[in-house]
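Me: I am new to this structure and would like to learn how to read it step by step. Could you give the general idea for each feature before turning to the case at hand?

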Amino acid sequence: MSSEKIRLFLFFMIACAGCKTAFDDPNYSAGEANFSRYVALGGSFTAGFTDNALYLEGQQNSFPSILASRFELVGGGGFEQPLVNSGNGLGNKYILNYGSACNSASGYYLTSLTEDPSNRNWIGNKAPYNNLGVPIAKSFHLNDQYFGRSNATPYSYYYNRFATDTGFGGAGLTSTILGDAGKVSDGKGIGPTFFSLWIGLNDYLGYALAGGEGEGDSITPDNIFNTAIDTVLTSLTSYSGKGIVANLPDIYSLPFFTTIPYSGLNLTQAEADSLNIVTADSIHFVEGANSFWIKSPLPGDLTRKIQPGELVLYSIIDSIRCRNINERWGTPQNPIPSKYILDINELNKITNAVNVFNAKLQSSALSRSLAFVDMNSYFRTLQSGIIFNGVNYTSQYLTGGAFSLDGIHPNSRGYALIANEFIRVINAKYKSTIPEVDVNNYPGIRFP
Amino acid sequence: MKNRVLLSFLLLPFFTLGGGFEINRQGQKANGMAGAFAGVANDASAIYYNPAAIAFHEHAMMNAGYDLVFPRVSFLSPSEGNVDSKTTLMVPFHVYATHHFANRKVTGGIGIYTPYGTSTKWEDKWTGRYLTQQTKLTTIFLQPTITYRLDDNYSAGIGLIGATGFLKMRRALPVNDDVELDLKGTGLGYGFNIGAFAHFEKLNFSINYRSAVKLKTSKGDATFNNIPSSFIDQQTYPESASFKSSFKLPSTFTFGIGYLPTERIITDIDISYTTWKDFTDWNIEISDYDQLNSINNRNFSNTFSIRLGGQYRWSDKMDYRIGANYEQSPSSDNHLYPDLAGGVKLGAAAGATRHVRENIGFDISLMIEDFSEQKENANEKNFNGAYSKTVYSIGLGVNYEF
């Protein structure tokens with residue numbers, strides 16, 4: 001190379017040190033909100049419950065925890081959660097397996113792990129916590145001084161384990177979730193500067209999970225729900241007046257209730273023939289999909305054919321998939337027990353309740369000038385699919401990518417999608433510019 | 001005349017999105033003038049720039065060279081902030097030779113060159129990994145050419161193109177800790193390159209049309225890694241499969257003017273119209289696994305580009321060149337993906353030739369092309385963000401007159 005060329009080459013290299021393509025760091029701001037003391041209240045969705053259990057990874061990827069990781073970029077403070085031990089957690093955590101667990105061909109099936117009972121013990125008064133989501137909590141539990149008095153049943157240990165006062169000292173009354181929310185503090189003050197409230201799912205879900213049989217779990221009456229929301233929001237807005245309220249997904253958005261179709265009695269020709277021999281002539285089974293037969297409590301405990309639109313709970317999957325035709329559920333001989341079916345009457349009750357709850361949540365948020373995130377329509381959109389960076393997330397059980405193995409709670413990617421929707425609404429309401437998270441960086445379902 | 005050309009350059013509409021994959025480095029002299037060469041075409045690389053021009057070369061010639069091309073892309077992600085692509089290297093090359101037949105009415109030539117290509121690579125775990133981790137396209141064109149000289153001023157020529165394309169794509173699929181999908185394919189296509197050249201004392205006019213070339217691979221290899229065993233058992237994903245892909249490289253119509261006011265000075269202006277509309281999609285169809293197809297509509301638009309360049313003969317031993325170019329952006333709103341980022345292109349180039357003997361010269365060229373920032377808000381994959389791209393290159397070549 002001549003010296004001339006070397007000079008030219010050097011000039012070129014220097015020129016290219018300047019041809020920087022990188023973008024400057026975006027300017028993220030909190031806008032009109034202050035996230036230094038963020039507190040999340042709610043039920044299992046807020047706690048990070050997933051795969052039928054409350055376990056460490058689920059808590060770490062709870063949607064409030066994901067939100068807090070973004071609030072950190074705009075002045076958010078620490079985010080403490082009442083974490084369980086790094087084991088199986090609380091509840092019977094589901095694991096996905098593959099093989100021939102029953103007499104049908106190879107397929108996926110669930111097994112459940114035993115919970116770590118030490119997690120029921122009181123973890124001591126380590127308050128304040130920023131995440132006060134308590135699985136199974138209903139609207140009126142947030143301010144209930146009897147909620148969490150012992151570690152005897154889920155209805156108490158989920159809160160008992162981290163309540164600031166478990167009631168053992170005196171009159172038997174405990175601290176309340178709402179009271180604990182007010183204890184969050186830092187050097188600059190006490191009480192949340194920002195809160196999220198997503199409560200009410202358990203106000204109808206317990207009823208639905210019992211197939212509407214109401215054995216100890218009924219839908220929260222409207223007036224109790226309304227009063228509870230007013231109490232909670234009056235208290236929470238007394239600190240800074242800023243927060244976000246979410247409404248509730250309806251039952252049709254949860255794959256636990258929609259995965260088994262009403263015509264899920266799948267028969268071979270031989271099975272159909274054998275059923276046709278023993279049933280009345282008016283009933284005719286065909287090869288392929290047939291409507292289930294169910295036990296209906298009204299009127300008079302009849303065995304009847306399921307109606308289109310009625311829902312079958314996913315918990316009976318093995319009873320319809322694994323058994324031979326003489327024992328399989330869903331035939332006239334072995335109708336599905338009514339506690340695994342949501343019939344039209346029960347669904348109407350649920351739908352009415354969801355409508356009332358959601359109307360209350362929305363009007364309460366708007367009248368208090370809070371941000372309101374429409375999770376009901378977000379979950380409905382998820383049914384048809386929400387695409388994030390090339391991945392199409394849907395409500396489909398197992399394959400949809402957003403729900404966990406229990407078919408009710410999201411997995412971590414689902415919680416990240418939810419966090420992004422909260423961020424979108426917060427940004428719009430409070431003129432903040434908080435960046436979304438990369439949903440695809442969170443764990444999804446683990447396939448064997 | 002010149003003023004009018006300048007005026008039309010200024011009046012070209014400016015579009016704000018896009019990015020094609022034309023390499024625009026097919027000869028070291030042309031590179032030094034930012035690709036403004038169709039109106040000069042005074043070496044054997046005319047086989048590419050305008051086949052008709054080889055009729056007026058005083059001697060039969062041979063040119064060979066290559067470039068080291070470094071594309072750099074940055075992506076502004078709504079969740080991750082700035083993300084830089086990994087450094088990649090492309091090595092486009094070219095070899096051309098011409099031969100005058102006895103009566104000098106007919107001139108033959110052959111060229112091997114690499115007109116299209118792209119190479120983009122991202123960190124394996126990057127935020128766009130389900131769209132692309134790596135995309136590499138290389139094309140090699142072989143073009144036998146024949147030219148007929150009508151008289152001292154006019155000629156016409158045609159070359160037939162046999163094209164080969166090599167495609168390599170890698171992306172992740174969202175299962176567990178990601179399944180890796182590797183695609184490798186070779187495609188074949190054909191086309192032609194036709195031109196007419198008018199040669200006067202100080203002025204040349206050049207008209208040239210390069211046809212579209214459809215590259216088609218019907219038996220590419222798709223390999224899947226890291227698949228959960230249940231997916232294999234259920235045949236959700238195959239371990240390997242074949243894939244189909246076909247897409248069109250665009251045609252280009254170029255009008256060029258060369259103006260040689262003195263012995264020492266050469267100037268050139270080219271205007272091209274490229275039918276990027278031909279590049280409608282970049283689909284990959286995996287046989288028997290439709291659900292794994294990637295359907296990528298691109299919806300490109302045709303572009304105008306303009307190139308200006310000049311050469312100054314410093315001495316018998318040294319020529320110096322500079323040039324600049326501009327191209328509208330082919331890609332349209334809502335169809336912008338990280339495998340083909342780009343934008344409105346502005347390029348600058350410099351080059352030199354050292355004549356070591358009367359008939360042997362060594363060339364060097366340098367080029368920087370900057371693509372305007374472009375934003376994507378609504379493509380089918382919901383992969384939003386902004387792109388910024390720069391391509392820089394250094395090229396070396398040798399030319400020999402018989």
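Reply: Let us begin with contacts: two residues are in contact if their C-beta atoms, placed from the backbone, lie within 7 Å. In chain A, among contacts between residues at least 6 apart in sequence, 73% join residues at least 24 apart. This is a predicted model, in which local features need pLDDT of at least 70 and side-chain atom pairs count only at pLDDT 80 or more, while totals for chains, interfaces and linings use all residues. Residues are numbered from 1 along each chain as its sequence is written, and chains are lettered from A and ligands numbered from 1 in the order in which they are written.

Me: How many helices and strands does chain A have, and what does its C-alpha trace span?

Reply: Helices (H or I, at least four residues) and strands (E, at least two) are DSSP runs, numbered from the N terminus. By that reading, chain A has 14 helices and 17 strands, and its C-alpha trace spans about 95 × 80 × 40 Å along the principal axes. A residue is buried if 20 or more other C-beta atoms lie within 10 Å of its own, exposed if 12 or fewer, and partly exposed in between, with C-beta atoms placed from the backbone. Of the 448 residues in chain A, 48% are buried.

Me: What is the order of the strands in the open sheet of chain A?

Reply: Two strands pair if DSSP finds at least two bridges between them. The open sheet has 5 strands in the order β4-β1-β7-β8-β15, with parallel pairing, and its edge strands, β4 (131–133) and β15 (371–373) of chain A, each pair on one side only. Within the sheet, β1 (residues 38–42) of chain A is joined to β7 (residues 194–198) of chain A by 5 bridges, and A40(A) stands opposite S196(A) in β7(A).

Me: At what angle do helices α4 and α14 of chain A cross?

Reply: Axes are lines fitted to C-alpha atoms, for helices over the stretch in contact, and angles run from 0 to 180 degrees between N-to-C directions. The axes of α4 (residues 63–71) and α14 (residues 412–430), both of chain A, come within 8 Å and cross at roughly 50°. That makes α4(A) oblique to α14(A), because angles under 35 degrees count as roughly parallel, over 145 as roughly antiparallel, 65 to 115 as roughly perpendicular and the rest as oblique. In this contact F63(A), I66(A), L67(A) and R70(A) of α4(A) meet residues of α14(A) including Y415(A), F422(A) and I423(A).

Me: How many residues of chain A are in contact with chain B?

Reply: On the side of chain A, 31 residues are in contact with 37 residues of chain B, and α1(A) gives the most to that side, with 6 residues.

Me: Is strand β1 of chain B enclosed or open, and which strands pair with it?

Reply: In β1 (residues 61–77) of chain B, 13 of the 17 residues are buried, so the strand is largely enclosed by the rest of the structure. It pairs with β19 (residues 385–401) of chain B in the antiparallel sense over 16 bridges, where M62(B) has Y400(B) as its bridge partner. Another 5 bridges join β1(B) to β3 (residues 93–100) of chain B, again antiparallel, with N63(B) opposite Y96(B). Finally, β1(B) pairs with β2 (residues 81–84) of chain B over 4 bridges in the antiparallel sense, and these two strands form a hairpin with 3 residues between them.
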